[in-house]
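Please open the model in a viewer and keep the selection tool at hand.

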Amino acid sequence: MKIELFQTERLDEIKEFFGELIFPSNLNCIGCGESIWNKNPYSLCHSCYQKLEFTDQVCKHCGRRTLLGTSCFCQSEHYYFDSIDTCLVYNDFLQKLIFRYKYGHQTYLSRFFTEILIQKLNEKEIFYDYITYVPIHRNRMRERGFNQTQLIAEMVGEHFSVPVVEFVTRTKDTPFLSSYRPFQRMLLVEDAFEHKEIEVQPKSNILILDDIVTSGSTLSTVSKVIKKEHDSLRVHCIAIGNARV
Ligand SMILES: [Zn+2]
Ligand SMILES: [Zn+2]
């Protein structure tokens, strides 16, 4: 693990201790609301914890879950990112949590998603120079008030002391992609993003965060826009939920 916590670990413990006194985070399960012990993992009761399905085996080329290893039958498919990984299967339980977070204004759930991502990133042997996220269009920003993925990215960046940078903007307000087939999604997002003028060190590693990966087309398009401007960068993607088709 090359990402270091530096000496802030002790400070974080102290902040955590006093924070817990004022704002106890884990007294109720974030899944069902039942009272729990405040050391339960991810602030979940035993029954809700059992509903998390970790995606241990994921093809790093396309993001599909595999039975064994990090590659599958997708070698003829092209994606612009260098690797992709996911944390959890996008099952009913995770779908409800993400829905509550994104549309129910339950921002405290950001802590759960951040913990899940940190655990996955701790398993990786990559040092990330920058963290970024999939931006939302200004119309969605007006509806929701903020970009939920950006909030998680900021928390992950703070944990690893890695700067969070917006590399692209969303110039097209695409419809919800879930009802479209993969090739249609690719067409819809193809020109949805534009790069921003950013100075970066060549050959840096970038991590793009997203909430759910379905066809991989959004993450591939964002990677393409980034690489078009900065062709020496290596772009890695991570999504919380895996709904890969
Ligand atoms: Zn529960
Ligand atoms: Zn694959």
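Select Lys224 to begin; this residue lies in helix H8, a helix here being a DSSP run (H or I) of at least four residues and a strand a run (E) of at least two, both numbered from the N terminus. Lys224 is partly exposed, because its relative accessibility is 34%; buried means under 20% relative accessible area, exposed over 50%, and partly exposed in between, with a 1.4 Å probe and protein chains only.

The model is predicted, so local features need pLDDT of at least 70 and side-chain atom pairs count only at pLDDT 80 or more, whereas totals for chains, interfaces and linings use all residues. Residues are numbered from 1 along each chain as its sequence is written, chains are lettered from A and ligands numbered from 1 in the order in which they are written, and side-chain values use heavy atoms, with hydrogens and water left out.

Remain in helix H8 and select Ser217, which lies there too. Ser217 has 3% relative accessibility and therefore counts as buried. Show Arg185 as well: the C-alpha atoms of Ser217 and Arg185 are separated by 6.6 Å, although the two residues are 32 apart along the chain.

**Salt bridges**

Next, select Lys227 and Asp82, whose side chains meet in a salt bridge with an N to O distance of 2.7 Å. The term denotes a side-chain nitrogen of Lys or Arg within 4 Å of a carboxyl oxygen of Asp or Glu. Lys227 belongs to helix H8 (residues 217–229) and Asp82 to the loop between H2 and S1, so that the pair links parts of the chain 145 residues apart. Asp82 is partly exposed, with a relative accessible area of 28%.

Move to Lys196 and Glu166, another salt bridge, in which the closest N and O atoms are 3.1 Å apart. Lys196 lies in the loop between strand S4 (193–195) and strand S5 (205–213), and Glu166 in the loop between helix H6 (148–160) and strand S3 (168–170), so the pair ties together parts that are 30 residues apart in sequence. Both residues are partly exposed: Lys196 has 31% relative accessibility, and Glu166 has 23%.

Which residues are joined into one network by salt bridges that share partners? They are Arg64, Glu77 and Arg244. Within this group, select Glu77 and Arg64, whose closest N and O atoms are 3.1 Å apart. Both lie in the loop between H2 and S1, 13 residues apart. Glu77 is partly exposed at 25%, whereas Arg64 is buried at 14% relative accessibility. Across the whole structure, a search finds eight salt bridges.

**The zinc ions**

Select ligand 2, a zinc ion coordinated by the SG atoms of Cys59, Cys62, Cys72 and Cys74 at 2.2 to 2.3 Å. Donors are N, O and S atoms within 2.8 Å of the metal (3.2 Å for Na, K and Ca); water is not among the atoms, so sites may look incomplete. Why is the arrangement around this zinc ion (ligand 2) tetrahedral? The four donor atoms subtend angles of 104 to 115°, and four donors count as tetrahedral if all angles lie between 85 and 135 degrees. In sequence, the donor residues of ligand 2 are spaced C-x2-C-x9-C-x1-C. Two of them, Cys62 and Cys74, lie in the loop between helix H2 (46–49) and strand S1 (83–89), twelve residues apart. Cys62 is buried at 0% relative accessibility, and Cys74 is buried at 0%.

Cys32 is partly exposed at 46% relative accessibility, whereas Cys45 is buried at 4%.

Conventions. Four donors count as tetrahedral if all angles lie between 85 and 135 degrees; four count as square planar and six as octahedral if opposite donors are over 155 degrees apart and all others between 65 and 115; anything else is irregular.
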